[in-house]
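Subject: Handover of a structure

Dear colleague,

Please find below the structure that I am passing on to you. I should be grateful if you would look through it alongside the notes that follow.

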Amino acid sequence: MTEMFSDRQICIGVQQLIKSRAGCAHFQTVVESEPIQKPPPMAPRYAPSLRSRLGPLLLFLLSGFIISAFYFEIRDEAIPRDKYAEFQDVNVMVVLGFGFLCTFLVRHGFSSSGFNLFVATIATQWALILMGIESWYDKRRILVDLRSILVAEMSAASALISLGAVLGKVNPVQLILLALLEVPAFILNEWVLLSLLKVRPQNNIMLLHIFGAFFGLTLTWILHRKGSQQGFEKEKFDKKSGLFSMLGSLFLWMFWPTFNSVLVDDRFPERKLEAVCSTYLALAVSAVTAASVSVLSSARGKLNLIQMQSCILAGGVAVGASMTAVHQPWEAMAIGFTAAVLSTTGFKYLKSHMLLAFDCHDTAATLSTHGLPGLLGWFAHLILEIKNCDDHTVAIRFAVFHICTLLVTITISLTTGALTGFLLSLNFWRPPQNRKCFDDQAFWEFPHLAVRK
């Protein structure tokens, strides 16, 4: 059979066979020399269980609160007729207003409302104990009345504001720790301002918007997650979630005049009426302005519900921070207009730029809703007090003390927020994975989604 081929053809065939075998050997050598790459580990299907952390922590806190209640004493005094109504208004704001405000996330409605209640109740009880330390030291009793509960709830509101910045990215254990650490920080800030700078208690408590906003921003900056610049998969909203969120905004909008006027001395009813009217006028102007700016900033000329439901409250925040200096209706309306423009514009552009520039993911736009209007109210307070003061020496002295008030507040909020952030960043608390952020199924039971055996 070999006679059918010439010697040249046989030589060519042998050379090709040798080359093919050499190529196979080289390929085998290269494959053996390269390390085998393992496929990347798959993310766990379920979020880490909090059974060993959440339950014991809640029981421990509850036991501590009950033991502390043995030292509580309800103060027996004549309660003004309208005081309980004011208490109801503030309670509705804290529980329903803030609870529904953050339900705009499609798959995070249970957590937004439920965790808000957890944080509010724990922070209020903790604030009552901390504010009663001085009374306990003198009388071995912690005096409790409607006013002290109101102040405790307003202190808890600072923690609820910070909650909006980290909403959807932390678990309930981390939120409880946030409340336990921020409330003492806020009360410390009040004590420093009252003791060293002699700031009025009403002006102290109204700095909660600035304090809570900067505390939350520091916290979410430290808890930044890799890959969040592209956004989270489940951070979305729809018509139904937007409607519930708007309901929370309406609760806040309706009862905000009480929130700003509840700490005004009852012996001066004209000042309380002035605070209520000024807050309402500022809220009304900010609602109209927020709608106008929302349309103008939209490429299609349409209203943005999520943008409006936060920005219509800007007037109430700003006037609350400058309440003791606002005496004319036009002043309140001008503050409400400026606050709405600042808040709406910040919501549109500032949130995304902060994420890209500083890796700061602000879920509920806390800076635009509370931080910027609060700073505007502080600045308006400074300008109005200087305008109404005839003595230049007194005006300069007030300006120095007012600037120190802001610097102290921001310093304490940033410092305590950073310490809290480093503590919450520990893996011991089992934070949810990126794919489980903004998802109720990580923490709540859904019977209709259970697997049938």
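Residues are numbered from 1 along each chain as its sequence is written, and side-chain values use heavy atoms, with hydrogens and water left out.

The average pLDDT (the predictor's confidence in each residue, from 0 to 100) is 85 for the protein, and 86% of the residues score at least 70. Residues 22-36, however, have a pLDDT below 50, and this stretch makes 0 contacts (heavy atoms within 4.5 Å) beyond near neighbours in sequence. For residues 39-43 the pLDDT is also under 50, with 1 contact beyond four places in sequence. Where pLDDT is low, the predicted coordinates should not be read in detail.

A287 belongs to helix α11, residues 269-296 (a DSSP run of H or I, at least four residues, numbered from the N terminus). Its relative accessible area is 22%, so A287 is partly exposed (buried means under 20%, exposed over 50%, partly exposed in between, with a 1.4 Å probe and protein chains only). Neighbours within four places in sequence aside, A287 contacts W253 and I312. Its C-alpha atom is 8.2 Å from that of G315, 28 residues away along the chain.

The whole structure contains 0 disulfides (pairs of cysteine sulfur atoms within 2.5 Å). As for individual cysteines, C437 is buried because its relative accessibility is 1%, whereas C404, at 30%, is partly exposed.

With kind regards

Key: This is a predicted model: local features need pLDDT of at least 70, side-chain atom pairs count only at pLDDT 80 or more; totals for chains, interfaces and linings use all residues. Helices (H or I, at least four residues) and strands (E, at least two) are DSSP runs, numbered from the N terminus.
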